[in-house]
Amino acid sequence: MIEIENVHKSFGELKVLKGINLTVDKGEVLTVIGGSGSGKSTLLTCINGLEPIDSGRIVVDGTDVHARGTDLNKLRRKIGIVFQQWNAFPHLTVLENVMLAPRKVLGLSKAEAEEIAVKQLTHVGLAEKLSVYPNRMSGGQQQRMAIARALAMSPEYMLFDEVTSALDPMLVGEVLDTLRMLASEGMTMICVTHEMKFAREVSDRVAFFHQGIMAEIAAPEQLFDAPQHPETKKFLAATH
Amino acid sequence: MFNYTFHWNQALRSLPQMLDGALVTLQIAILSMAIGLAIAIALTLFRLSGNRILGGFATTWVEIARNTPALFQIYMAHFGLGNFGIHLSPYTALLVGIAFNNAGYLAENFRGALKAIPDTQARAGRSLGMTSLQAFRYIVMPQMLRIAFLPATNQMVWAILMTSLGVTVGMNTDLAGVTQELNARSFRTFEFFALAAVIYYVIAKAVTLAARAFAWRMFRY
């Protein structure tokens with residue numbers, strides 16, 4: 001369970017998160033929508049401790065992420081994150097990209113890491129690409145590799161930060177299919193996305209962020225068909 | 001004007017001596033690169049440390065090494081330090097001077113290579129649970145080496161050619177020094193220096209080609 005309590009976060013003068021309260025249960029798929037600069041991506045990087053917070057608390061399975069003494073490296077093993085820019089490691093093959101963290105972080109043997117990597121890459125449809133270098137693949141393939149790389153750590157939570165935003169429109173579908181598959185397998189996921197159709201289809205709940213505040217959170221039918229908050233209405237009208 | 005008669009035989013007879021000199025040249029170049037590399041790594045870390053004194057020291061070193069003549073750097077090591085009672089042999093002075101120069105250029109090369117790797121690479125490693133040291137070791141450093149490698153081999157070639165400046169501080173066992181002595185005895189200046197130039201060329205070219213072959217094998221992405 002991820003519990004977010006009254007989280008505030010600023011970058012210098014700019015207040016990005018202004019008191020976010022949110023709980024995500026095990027097995028839940030939450031999507032977060034909202035305009036640029038609404039704070040939705042920042043929230044994800046705060047959840048796995050890549051960004052510090054100014055006040056409030058984020059607790060993952062009873063561990064306070066931002067408390068002094070929390071072993072963030074250990075915590076991050078169970079919270080996978082995939083970014084808009086997939087950040088493939090260009091000097092490693094697809095297989096090596098996925099094997100690296102299981103080997104170095106979990107201390108698995110080469111054979112064990114390879115078994116896991118092959119399994120995850122097959123899962124995301126890249127079984128044919130094991131020995132290819134990332135720059136020989138399309139953005140969609142690299143993004144799926146990044147998803148496999150995060151999954152290879154057997155995370156309990158997955159955070160997706162606009163993972164289709166940098167992709168050619170033709171390639172969005174294959175990545176969304178991968179996310180749908182994970183959702184159907186019961187993975188706990190928080191997806192920041194601009195894909196409204198996808199959000200409506202896979203989410204248990206949808207949250208709408210506006211200027212650092214969570215303006216509205218509801219089941220997808222409710223939020224998309226009968227939004228309550230004026231900003232949600234405005235946003236949905238503009239994106240439809 | 002062109003009634004000069006070439007005497008190549010005399011030069012060719014001295015080839016074994018010149019090749020011995022070439023070995024000394026290569027030795028100084030390799031040693032100066034090894035020392036330069038070690039210092040360059042330290043200077044790079046100093047500049048990354050955020051400590052003003054260490055950073056200032058490193059920046060000063062890089063600035064002097066890159067913006068003053070290599071000849072002066074070698075002169076300083078031999079005659080300059082002599083004024084303070086530190087007397088280095090021509091061999092040591094040459095080695096110190098070139099290592100000083102190498103360190104400056106290599107440190108700048110490393111800094112550029114580090115800057116070329118986006119922060120998001122290390123961040124992606126951290127998000128997989130790696131420590132910052134692991135992210136550097138397995139993700140940043142291999143990419144950095146690839147970028148820094150070919151410029152570093154240029155510096156190696158430059159180091160080989162710089163050794164010839166040793167004649168100005170009395171170095172007489174390296175290729176330039178040996179050639180200069182043979183010339184002084186025979187006055188066959190053109191033949192001896194032409195032959196020495198060919199030897200320098202072959203060594204420099206061999207280093208460049210070997211480095212390229214190595215890079216081709218190592219950095220195949």
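Biologist: How do the elements of chain B run from the N terminus on?

Modeller: This is a predicted model. In it, the elements of chain B follow the order α-α-α-α-α-α-α-α-α from the N terminus.

Biologist: How many helices and strands is that?

Modeller: Chain B has nine helices and zero strands.

Biologist: What box do the C-alpha atoms of chain B fill?

Modeller: Taken along the principal axes, the box is roughly 75 × 45 × 30 Å. Of the 221 residues in chain B, 38% count as buried.

Biologist: What does UniProt list for residues 22-211 of chain B?

Modeller: The UniProt entry, which is unreviewed, lists "domain: ABC transmembrane type-1" for these residues. In the model, residues 22-211 of chain B are 83% helix and 0% strand.

Biologist: Let us turn to the largest nonpolar core. Which residues touch the most other members?

Modeller: That core has 125 residues, and those touching the most other members are A:I47, A:V98, A:A148, A:L159, A:F160, B:L94 and B:A103.

Biologist: Which helix gives the most to this core?

Modeller: Helix α5 of chain B, residues 90-115, gives the most, with 13 residues.

Biologist: And what is A:V98 in contact with, leaving aside its neighbours within four places in sequence?

Modeller: The contacts of A:V98 beyond those neighbours are A:A117, A:Q120, A:L121, A:M145, A:A148, A:R149 and A:A152.

Biologist: Now to strands in chain A. Is β9(A) mostly covered or uncovered?

Modeller: Strand β9 of chain A, residues 205-210, is mostly covered, as five of its six residues are buried.

Biologist: Which strands pair with β9(A), and in which sense?

Modeller: Strand β3 of chain A, residues 29-34, pairs with β9(A) in the parallel sense over five bridges. Strand β10 of chain A, residues 213-218, runs antiparallel to β9(A) and is joined to it by five bridges. Here A:H210 has A:I213 as its bridge partner.

Biologist: What lies between the strands of that hairpin?

Modeller: Two residues lie between β9(A) and β10(A), and A:Q211 takes a positive phi near 50° in this hairpin.

Biologist: In what order do the four strands of the open sheet come?

Modeller: The order in chain A is β2-β1-β4-β5, with antiparallel pairing. The edge strands are β2 (14-24) and β5 (63-64) of chain A, each pairing on one side only. Strand β1 of chain A, residues 2-11, is joined to β2(A) by eight bridges, and A:V7 stands opposite A:I20 in β2(A).

Biologist: What holds strands of a sheet together as pairs?

Modeller: Strands of a sheet pair through backbone hydrogen bonds, either parallel or antiparallel.

Methods
Residues are numbered from 1 along each chain as its sequence is written. Chains are lettered from A and ligands numbered from 1 in the order in which they are written. This is a predicted model: local features need pLDDT of at least 70, side-chain atom pairs count only at pLDDT 80 or more; totals for chains, interfaces and linings use all residues. A residue is buried if 20 or more other C-beta atoms lie within 10 Å of its own, exposed if 12 or fewer, and partly exposed in between; C-beta atoms are placed from the backbone. Two strands pair if DSSP finds at least two bridges between them. A nonpolar core is a set of buried Ala, Val, Leu, Ile, Met, Phe, Trp, Tyr and Cys residues joined through C-beta atoms within 7 Å. Two residues are in contact if their C-beta atoms, placed from the backbone, lie within 7 Å. UniProt positions are given in the numbering used here, feature names are shortened, and annotations may be inferred rather than shown by experiment.
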